[in-house]
Amino acid sequence: MNRLFKLQFVGPSALFAATLCAELSARALEYAPRSELLWFINLRIFGIFQRSHATLSYFVAMDGVQLFGLALPIFLLACLGLVAKSRLPFTVATHLSAAYAGFLVFSWQAGVPTAKQASLVPIAVPSGAGLYVLGTILGTCVLSFAVTHLLYFRAVGQEIRALVNWLGTTRA
């Protein structure tokens, strides 16, 4: 198994780790609501998950849906692809992780009230640690997504070369 195949695992695992940490910080805040450190972690570092939870709550009113309904199944699918050395589970996992990362960006944008002036549309970007978390998630998911496509293009190229060689031997 080559390194590129294993590199597909980075996006789903980073997404799962960040979602797990966000869920754990929210649960810890329930037990210690006066902790300033936990409030900082929950609102500043994992604020993107707060907004995406608010967006998801319109459709699914369940606590932990981001972890148990989205990130964990994507991560388990990537684990299945790694263990089985199969492309299909990795492909599905990397596409879903990229879609979920895109949803995190969308929910961050949708959660900001905007006022348009002179037809300029403001773009909301998290600041500080939230930006680093969002950037890490988005970067790793896009990297995994790109590696998946690169591996498929390589496989298609090999199939085309094999077909051309086969056609060349049958004509001769």
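# Working chat: a predicted all-α model

Q: Where does Thr55 lie?
A: Thr55 lies in helix α4. Helices here are DSSP runs of H or I with at least four residues, strands are E runs of at least two, and both are numbered from the N terminus.

Q: What should I know about the model and the numbering?
A: The model is predicted: local features need pLDDT of at least 70, side-chain atom pairs count only at pLDDT 80 or more, and totals for chains, interfaces and linings use all residues. Residues are numbered from 1 along each chain as its sequence is written, and side-chain values use heavy atoms, with hydrogens and water left out.

Q: Back to Thr55: buried or exposed, and why?
A: Thr55 counts as buried because its relative accessibility is 16%. Buried means under 20% relative accessible area, exposed over 50%, and partly exposed in between, with a 1.4 Å probe and protein chains only.

Q: How far is Thr55 from Ser107?
A: Their C-alpha atoms are separated by 6.3 Å. Along the chain, Thr55 and Ser107 are 52 residues apart.

Q: How many helices and strands are there in the protein?
A: Seven helices and zero strands. From the N terminus on, the order is α-α-α-α-α-α-α.

Q: What share of the protein is buried?
A: Buried residues make up 33% of its 172 residues.

Q: Which residues of the largest nonpolar core touch the most other members?
A: Leu15, Ile48, Phe49, Tyr100, Leu104 and Ile137, out of 26 residues in that core. A core here is a set of buried Ala, Val, Leu, Ile, Met, Phe, Trp, Tyr and Cys residues joined through side-chain atoms within 4.5 Å.

Q: Which helices each supply at least two residues of this core?
A: α2 (10-31), α4 (47-56), α5 (65-84), α6 (87-110) and α7 (129-171).

Q: What about Val133, buried or exposed?
A: Val133 is buried, with a relative accessible area of 16%. Val133 lies in helix α7. From Val133 to Phe46 the C-alpha distance is 7.5 Å, across 87 residues of sequence.

Q: And Leu67, where is that found?
A: In helix α5. Leu67 is buried, with a relative accessible area of 5%. Leu67 and Ala22 are 8.9 Å apart, C-alpha to C-alpha, and 45 residues apart in sequence.

Q: Leu150: why does that count as partly exposed?
A: Because Leu150 has 41% relative accessibility. Leu150 has its place in helix α7. Phe5 is 145 residues from Leu150 in sequence and 10.0 Å away in space, C-alpha to C-alpha.

Q: Switching to rings. How many aromatic pairs does the structure hold?
A: Six. Rings of Phe, Tyr and Trp (its six-membered ring) pair if their centres lie within 6.5 Å; planes under 30 degrees apart count as stacked, over 60 as edge-to-face and the rest as tilted.

Q: What do Phe9 and Phe90 form?
A: An edge-to-face pair, 6.5 Å centre to centre, with 75 degrees between the planes. Phe9 is in the loop between α1 (3-7) and α2, and Phe90 is in helix α6, 81 residues apart. Phe9 and Phe90 are buried.

Q: And Phe16 with Phe75, what is the geometry there?
A: That pair is stacked, at 4.5 Å centre to centre and 10 degrees between the planes. This one links distant parts of the chain as well: Phe16 in helix α2 and Phe75 in helix α5, 59 residues apart. Both Phe16 and Phe75 are buried.

Q: Which residues form one aromatic cluster?
A: Phe5, Phe9, Phe16, Phe75 and Phe90.

Q: Where does Arg87 lie?
A: Over the face of Tyr152, at 6.0 Å from the ring centre. The cut-off for a charge over a ring is NZ of Lys or CZ of Arg within 6 Å of the ring centre and within 35 degrees of the ring normal.

Q: Backbone next. What is the phi of Lys85?
A: Positive, about 55 degrees, although Lys85 is not a glycine. Most residues other than glycine have a negative phi. Lys85 is found in the loop between α5 and α6. Lys85 is exposed, with a relative accessible area of 57%.
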